[in-house]
Amino acid sequence: MKTSVINQIKTLLGMEVKLETMKLMDGITIFEADAFEMDNEVFIITEDEQKIPVPIGEYELEDGKILVVEVEGVILEIKEATTEEEVAPKEAPEAEEEVAVEAQATPTAKKTIESVTKETFFAEIEKLTQENIELKAKLETLSKVEEVATEATELSDVTPISLNPENINEVTQIKFGTNRPKTLMDTIIEKLNN
């Protein structure tokens with residue numbers, strides 16, 4: 001447990017963490033864990049370096065041990081594999097069945113890993129599709145907001161209503177006595193009116 005805490009701290013600090021790796025009997029599938037001990041997390045390393053929690057089941061490792069996973073991604077126990085010699089004295093037909101089951105377990109593990117990889121792949125695609133739909137909806141709402149904003153700016157560009165020049169009444173001045181000389185009173189009134 002201490003090693004997992006130390007490894008988590010190293011990960012947060014950006015330091016390189018050394019993890020244990022083991023291969024299955026097929027020689028292709030790689031399991032990775034802090035330590036292959038009880039109650040440690042264990043992951044499958046895919047070809048593209050993704051870490052996937054190991055599905056529930058029993059897996060035969062390259063060194064002959066059997067890795068038992070009861071909760072997804074957590075080691076329940078690692079036990080020694082039973083050999084055919086131990087089973088043979090009891091009953092031979094069961095030994096043949098166990099060998100057949102072990103032979104099927106390795107392809108099953110590979111199929112399980114492939115199915116988990118495919119599930120994560122399709123889950124990612126579904127997630128990206130959903131995100132794409134949400135972004136399109138946001139884009140549509142933003143374009144509607146921009147249309148309203150452009151309409152508002154178009155309305156603000158409208159010039160105010162001015163007086164109609166046809167309604168202006170022209171005042172005509174009538175001058176009386178245009179031939180008479182200007183008096184002081186005429187000059188004062190003229191200056192007041194202009």
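Aspartate 39 sits in the loop between strand E2 (30-33) and E3. Strands here, like helices, are DSSP runs numbered from the N terminus, with at least two residues (E) for a strand and at least four (H or I) for a helix. Although aspartate 39 is not a glycine, it has a positive phi of about 65°. Its relative accessibility is 52%, so aspartate 39 counts as exposed. The cut-offs behind that word are simple: buried means under 20% relative accessible area, exposed means over 50%, and partly exposed lies in between, with a 1.4 Å probe and protein chains only.

Before we go on, please note that this is a predicted model, in which local features need pLDDT of at least 70 and side-chain atom pairs count only at pLDDT 80 or more, while totals for chains, interfaces and linings use all residues. Residues are numbered from 1 along each chain as its sequence is written, and side-chain values use heavy atoms, leaving out hydrogens and water.

**The chain as a whole**

The protein chain has 4 helices and 7 strands. Of the 194 residues in the protein chain, buried residues make up 15%.

Is valine 42 buried or exposed? Valine 42 counts as buried because its relative accessibility is 0%. This valine belongs to strand E3. Valine 42 and valine 69 lie 27 residues apart in sequence, and their C-alpha atoms are 8.8 Å apart in space.

Glycine 27 is in the loop between strand E1 (20-23) and E2, and it is partly exposed, with a relative accessible area of 27%. From glycine 27 to leucine 61 there are 34 residues in sequence and 8.9 Å in space, C-alpha to C-alpha.

**Salt bridges**

How many salt bridges does the structure hold? There are 4 salt bridges, each defined as a side-chain nitrogen of Lys or Arg within 4 Å of a carboxyl oxygen of Asp or Glu.

| Lysine | Glutamate | N to O distance |
|---|---|---|
| Lysine 51 | Glutamate 32 | 3.0 Å |
| Lysine 79 | Glutamate 58 | 3.6 Å |
| Lysine 182 | Glutamate 190 | 2.9 Å |

Lysine 51 forms a salt bridge with glutamate 32. This pair links distant parts of the chain, with lysine 51 in strand E4 (residues 51-53) and glutamate 32 in strand E2, 19 residues apart. Lysine 51 is partly exposed, with a relative accessible area of 47%, whereas glutamate 32 counts as buried at 13% relative accessibility.

Lysine 79 forms a salt bridge with glutamate 58. Here too the pair links distant parts of the chain: lysine 79 is in strand E7 (residues 74-80) and glutamate 58 is in strand E5 (residues 57-60), 21 residues apart. Lysine 79 is partly exposed, with a relative accessible area of 30%, and glutamate 58 counts as partly exposed at 47% relative accessibility.

In the salt bridge of lysine 182 and glutamate 190, lysine 182 is exposed, with a relative accessible area of 59%.

Rolling a probe the size of a water molecule over the atoms shows where empty space is left. On a 1 Å grid over the protein atoms alone, a pocket is an open set of points where a 1.4 Å probe fits, with protein on both sides within 12 Å along at least five of seven lines, and lining residues have an atom within 4 Å of a point.

The second largest pocket has a volume of about 400 Å³. It is lined by 18 residues, and those closest to its centre are Ile45, Thr46, Glu47, Ile113 and Thr117. Strand E3 (42-45) and helix H3 (92-156) each supply at least two residues of this lining. H3 gives the most, with 9 residues. By class, the lining has 8 nonpolar, 5 polar and 5 charged residues. Ala, Val, Leu, Ile, Met, Phe, Trp, Tyr, Cys and Pro count as nonpolar, Asp, Glu, Lys and Arg as charged, and the others, Gly among them, as polar.

**A nonpolar patch**

Phe121, Phe122 and Ile125 make a nonpolar surface patch of about 310 Å². Patch residues have over 30% relative accessible area and no salt bridge, and nonpolar side chains are joined within 5 Å, like charges within 9 Å. Phenylalanine 122 is found in helix H3, and it counts as exposed because its relative accessibility is 52%.

Technical notes:
Points joined across faces, edges and corners; volume = space filled by probe spheres on them. Areas by Shrake-Rupley, 256 points an atom, 1.4 Å probe, with all protein chains shown as cover.
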